[in-house]
Amino acid sequence: MHQAREDAILRSTCQLLGEKAFDAMTMDDVANAVGIAKASLYKHFCSKEELCSAAMVQILGRVQAYLESLPAEMPPIDKLQALVRWSLERLLTNEMPLLPSRNSTLRAVLMANKDYLNGLVTVSDQIGEWITLAQSQGLINPGLPPVVVLYTLFARACDPVVSFLKESGQYSDEEIVKLVVRTCFDGLAARS
């Protein structure tokens, strides 16, 4: 029962972090979303930062599980596109929390969280390996530092273009994902 409630709390937190981001989300929001008293929420997590940190660790675990589920024989560029597509789909359904801003108190807590940092390194290393392979195959510009490509791909997981396009009502979620993946990997230049 305790673990089931904690899972519900973390799911609701991820949803709220996707909808509102850290600074706008409150513990009252989480308690209301789960259907528990705020005091009960504090029995599981002593602060908003601790709660959101646990939610971010959980998200990194989901990312790791997704990366591991990709077939080993899949070409690196296809793995990178699949990851961006998966991230955008999570973003559209508010399952992917927006990354905390540089001046957010959550960022400081995350940088001090060993589980978060280990997960981030594991995910970054795997993606970095695929980037390097795709560059060696000439599928990603080899003149770009791999870390720039990595951060660009991370940025797609919290891209405001997604919400702008969704709010416009002009495109389906599937079309939004295709358009953002296309501009990410193909750029904006016209093909000759």
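This is a predicted model: local features need pLDDT of at least 70, side-chain atom pairs count only at pLDDT 80 or more; totals for chains, interfaces and linings use all residues.
Me: How many residues does helix 7 have, and what does it span?
Reply: Helix 7 has 23 residues, and the distance from its first C-alpha to its last is 33 Å, close to the 33 Å expected at 1.5 Å a residue.

Me: Which of its residues are buried?
Reply: The buried residues of helix 7 are Tyr116, Gly119, Val123, Ser124, Ile127, Gly128, Trp130, Ile131, Ala134 and Gln135, and these pack against helix 4, helix 5, helix 6 and helix 8.

Me: And what does Ile127 touch?
Reply: Leaving aside residues up to four places away in sequence, Ile127 touches Leu67, Leu80, Leu83, Leu150, Leu153 and Phe154.

Me: OK, the largest nonpolar core: which residues have the most contacts inside it?
Reply: Those are Leu41, Leu51, Leu80, Leu88, Ile127 and Leu153, in a core of 52 residues. At least two residues of this core come from each of helix 1 (2-20), helix 2 (27-34), helix 4 (48-69), helix 5, helix 6 (105-111), helix 7 (114-136), helix 8 and helix 10.

Me: Switching topic, what's the volume of the second largest pocket, and what lines it?
Reply: The second largest pocket has a volume of about 270 Å³ and is lined by 14 residues, of which Ile140, Leu144, Val149, Cys184 and Phe185 lie nearest its centre. Two or more lining residues are given by each of helix 5 (76-92), helix 8 (146-156) and helix 10 (173-186).

Me: Which helix gives the most?
Reply: Helix 8 does, with 4 residues of the lining.

Me: How does the lining divide into nonpolar, polar and charged?
Reply: The lining of the second largest pocket has 9 nonpolar, 4 polar and 1 charged.

Methods: Residues are numbered from 1 along each chain as its sequence is written. Side-chain values use heavy atoms; hydrogens and water are left out. On a 1 Å grid over the protein atoms alone, a cavity is a set of points where a 1.4 Å probe fits but cannot get out, and a pocket is an open set with protein on both sides within 12 Å along at least five of seven lines; lining residues have an atom within 4 Å of a point. Grid points are joined across faces, edges and corners, and a volume is the space filled by probe spheres set on the points. Ala, Val, Leu, Ile, Met, Phe, Trp, Tyr, Cys and Pro count as nonpolar, Asp, Glu, Lys and Arg as charged, and the others, Gly among them, as polar. A nonpolar core is a set of buried Ala, Val, Leu, Ile, Met, Phe, Trp, Tyr and Cys residues joined through side-chain atoms within 4.5 Å. Buried means under 20% relative accessible area, exposed over 50%, partly exposed in between (1.4 Å probe, protein chains only). Contact means heavy atoms within 4.5 Å. The expected span of a helix is 1.5 Å times one less than its number of residues.
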